[in-house]
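Open the structure in your viewer and keep the selection tool at hand. Each stop below says what to select and what is there.

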Amino acid sequence: MIAEALFFSAILFTIGVVGVLTRRNALMIFMSVELMLNAVNLSFVALSRLHGGAEGQVFVIFVMTVAAAEAAVGLAIVISVFRHFKTVDLANVNLLKG
Amino acid sequence: MILQAADASGVHPLVGSVAELIWLVPLLPLLGFIINGLFALLPAYYAGPADPSHDPEAGHVHAGDAAFEHGPPSDRWKRLTTIVGPLVLALSFLLAAIIFGATLAPGVLERPFIQTYGEWMPTGDLSIDWAFQLDQLSMLMTLIITGIGFLIHVFSVGYMRADAGYSRYFAYLNLFVFFMLVLVLGSSYPVIFVGWEGVGLCSYLLISFWFDEKVNADAGKKAFIVNRIGDFGFLVAMFLLAANFGALDFAGVEAALAGVDPGSSAVITTICLFLFLGCAGKSAQMPLYVWLPDAMAGPTPVSALIHAATMVTAGVYLVVRSGLLFALSPTASFVVMIVGAFTALFAATIGLKQWDIKKVLAYSTVSQLGYMFVAVGIGAHTAGVFHLTTHAFFKALLFLGAGSVIHAMHHAHHAAHVHGEDAQDMRNMGGLGAGMPWTRAMMWLATLAIAGVPFFSGFFSKDEILTSVFMRSREGLIAQNSFLGIPGSAWLLGVYGAGLVTALITAVYMTRMMRYTFHGPSRLPAAAREHVHEAPWVMTGPLVVLGVLSVVGGVLNIPHVFHIEPSLLLEHWLDPVVGAATLVMAGGAVTPLAATTEYALVSGAVAASAIGIVLAFVLLKTGELVTKRESPAERGMQGVLANKYYVDEVIDRALVGPLVSFSRRLLWRGVDLGVIDGLLVNGTAYVARSMGWAGSRMQSGNVGSYAWILVIGVLVLLAAIIF
């Protein structure tokens with residue numbers, strides 16, 4: 001049971017990473033990051049159950065809280081980026097280029 | 001007897017006498033150097049930056065001595081220098097003479113009088129002090145240096161009076177005398193070495209005195225560099241002495257040598273050969289003689305003082321000082337003798353075809369120094385020092401006379417507005433005697449002395465050397481041994497023959513020089529002829545004094561065979577210093593030659609000089625000589641001699657050229673520019689710059705590419721942890 005859960009978590013995380021790397025739309029990247037966070041959450045609860053402790057589940061609550069805050073801030077940034085550049089394509093957002 | 005024993009171990013008889021002031025003798029010239037040095041620097045300080053409108057060429061008609069074109073000295077510094085420069089030498093000479101008087105009392109100088117002024121290098125077993133040693137040899141050298149030095153300082157007042165560097169010149173000259181006195185008074189090899197290097201420095205400074213002409217600066221460098229080779233030998237000899245005998249002062253070395261059998265020690269031979277390398281450098285012997293003729297680029301009084309009378313005899317002095325050391329090594333003594341004999345003959349032949357009046361004298365000096373080395377090599381130390389003394393008289397006179405001639409030539413050219421003519425080339429002279437009778441007369445005296453005409457000073461000293469060589473061919477250390485398969489006595493007879501031939505050639509080239517310079521028709525431009533005048537008295541005065549010395553200098557050591565008293569003064573005087581070494585070289589006891597043999601030897605020497613003089617009068621046609629401009633290039637053997645056997649060219653091709661090209665290609669372009677500049681300095685900068693460039697490339701501003709790098713990095717780390 002634990003093996004399947006971790007395997008599923010790993011696949012989910014990889015899909016998230018590939019999404020972050022390949023997508024150029026800020027919203028899609030944002031969603032991929034959420035996917036990665038949730039993959040981690042999944043392994044947290046799975047391992048928590050395996051060890052019989054509560055720390056993993058507490059961590060998941062933390063992560064979900066932080067992810068909610070992040071979503072609020074992140075979406076606000078995306079909106080202001082869109083207002084400024086008229087696009088959410090990150091390839092065009094490179095004013096800080098060294 | 002008891003008193004003597006107490007004396008030998010106790011207080012030296014000279015303690016408390018005027019001889020304790022010996023330190024003042026070198027100190028006075030040092031004081032002169034400081035004062036004159038200030039006189040040379042102060043005007044520049046007060047005058048501010050040099051006047052850019054001054055053309056350095058204006059004071060020089062051409063290369064060589066040319067200090068005569070400016071007006072008389074106008075500033076007070078020059079007048080003060082005129083007083084201070086010669087005065088310190090006069091005081092120094094007077095003091096030396098007074099000390100000499102004190103040492104004449106019987107028995108006071110049976111042991112050297114050593115004055116220690118402080119510790120220099122107290123290192124474990126070896127302790128070196130600042131100490132002066134007064135003995136018969138250093139006394140004689142001190143008198144020669146200060147006496148002749150004073151005369152040359154006086155001459156310089158006239159000769160250099162129009163030169164812009166007047167005070168600088170006297171500062172250097174005073175400094176030279178200081179170092180030379182340290183050299184002869186030093187009681188140990190390191191103290192001698194201080195003086196040795198010091199005179200080398202002054203020689204360099206004075207050769208390139210007119211440094212705004214490259215040829216003079218080059219000559220100074222050449223002298224300095226060639227002398228470095230010799231100094232290397234001197235240093236190695238000192239290291240070996242310290243390592244093997246644990247002493248570097250003369251008393252200590254002599255004590256360590258007690259009981260050593262002649263020829264038994266390879267170490268002593270090595271030490272002597274290295275020491276002789278130093279002497280060959282300083283005293284211009286084969287193969288290190290090449291710097292001395294070039295040293296004639298300096299002012300002529302400098303040539304007289306440094307490159308004829310004093311500094312170049314330092315090598316002879318050092319061999320005499322180390323007499324016992326050389327006496328214990330027949331091989332080293334043989335080398336000294338052979339090198340001396342070969343140099344004497346070789347340089348004399350070059351002197352035959354030189355046209356520059358100073359070059360003739362320079363090669364003559366090299367040749368006469370060879371004579372001295374023959375004498376000290378065979379252990380006839382007195383003869384060597386005797387010739388050193390008389391040579392100082394007549395060669396200083398010849399150089400000062402040459403200076404007087406050059407001085408007159410410059411004035412004549414200047415007065416007649418002749419430019420570009422060589423004032424030192426004898427082909428441009430001729431008939432100068434009419435205008436300058438004193439110079440001609442005095443130089444003839446010196447010429448007769450150097451040629452060995454009977455009863456002039458050089459006759460006695462040269463004859464004593466030749467007689468000693470003949471004597472040693474019968475008995476003595478060198479005669480008993482064989483070298484390169486040939487018995488030593490045969491070598492000695494060969495050296496005797498070379499000495500005779502050299503004497504003949506010397507007579508020829510000296511007479512040639514005198515005839516071409518002072519006699520025959522004048523080859524000066526017609527307008528210049530009437531302007532040839534005698535120099536002022538400050539210049540002719542020293543000539544006359546040296547002329548008298550050149551004539552009567554022989555009384556210092558008249559051989560018994562002439563039955564003139566007092567005889568052999570110098571030999572008795574020097575006996576406490578060199579007697580032991582001479583006895584070893586003579587093989588234990590000196591058997592005097594039969595009177596008839598000695599007369600025959602004297603006749604041989606006289607015949608050689610007479611033939612030489614007659615040859616020069618018969619063969620040379622002063623009337624057929626043409627000026628330097630019109631002269632064709634020399635051909636055949638004459639060309640070889642005129643070009644000094646092409647020794648300089650050979651050294652250039654074989655040593656200097658490859659060395660320069662090696663340094664330029666490998667050391668400069670390869671190591672310096674390639675490795676140090678390229679690889680290390682620029683390489684470091686290049687690495688930093690490339691890393692900066694790579695880093696800046698990574699910072700694209702594209703978040704996506706950052707994410708890629710991040711992921712790749714994590715994967716690499718993961719891989720590293722897992723595998």
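Predicted model: local features only at pLDDT ≥ 70, side-chain atom pairs only at ≥ 80, totals over all residues.

**Stop 1: a helix pair**

Select residues 2-22 of chain A, helix α1, and residues 26-51 of chain A, helix α2. Two packed helices are described by the angle between their axes and the distance between the axes. Here the axes come within 8 Å and cross at roughly 165 degrees. Angles over 145 degrees count as roughly antiparallel. α1(A) and α2(A) are therefore roughly antiparallel to each other. The crossing of α1(A) past α2(A) is left-handed. Which classes of residue make up this contact? It has 19 nonpolar residues, six polar ones and no charged ones.

**Stop 2: the two sides of α1(A)**

Stay on α1(A). Its 21 residues, at 1.5 Å a residue, should span 30 Å. The C-alpha atoms at its ends are 30 Å apart, which agrees. Now pick out Ser9(A), Gly16(A), Val17(A) and Val20(A), the buried residues of α1(A). Look down the helix axis: these buried residues fall within an arc of 100 degrees, so they line one face of α1(A). An α-helix has 3.6 residues a turn, so residues three or four places apart point the same way. Turn to the face away from the buried side of α1(A). There you find the exposed residues Ala3(A), Glu4(A), Phe7(A), Ile11(A) and Thr22(A).

**Stop 3**

Most residues other than glycine have a negative phi, and most peptide bonds are trans. Select Lys86(A), in the segment after α3 (55-85) of chain A. Its phi is near 60 degrees, a positive value. Is Lys86(A) buried or exposed? Lys86(A) is exposed, because 9 other C-beta atoms lie within 10 Å, and 12 or fewer count as exposed.

Go to chain B and select Ala284(B), in the loop between α9 and α10. Phi of Ala284(B) is positive too, near 55 degrees. Ala284(B) is buried, with 31 other C-beta atoms within 10 Å.

**Stop 4: a cis bond**

Stay in chain B and select Pro287(B), in the loop between α9 (266-282) and α10 (291-294). The peptide bond that joins Met286(B) to Pro287(B) is cis. Its omega is near -5 degrees.

**Stop 5**

Last, select His414(B), in helix α16 (residues 381-415) of chain B. His414(B) counts as partly exposed, with 17 C-beta neighbours inside 10 Å.

How values were computed: Residues numbered from 1 in each chain as written. Chains lettered and ligands numbered in written order. Axes fitted to C-alpha atoms, helices over the stretch in contact; angles between N-to-C directions. Helix = DSSP H or I, 4+ residues; strand = E, 2+ residues; numbered from the N terminus. Parallel < 35°, antiparallel > 145°, perpendicular 65-115°, else oblique. Left-handed = near helix turned anticlockwise from the far one by under 90°. Nonpolar A, V, L, I, M, F, W, Y, C, P; charged D, E, K, R; others polar. Expected span 1.5 Å × (residues − 1). Buried ≥ 20, exposed ≤ 12 C-beta atoms within 10 Å, placed from the backbone. Arc of directions from axis to C-beta.
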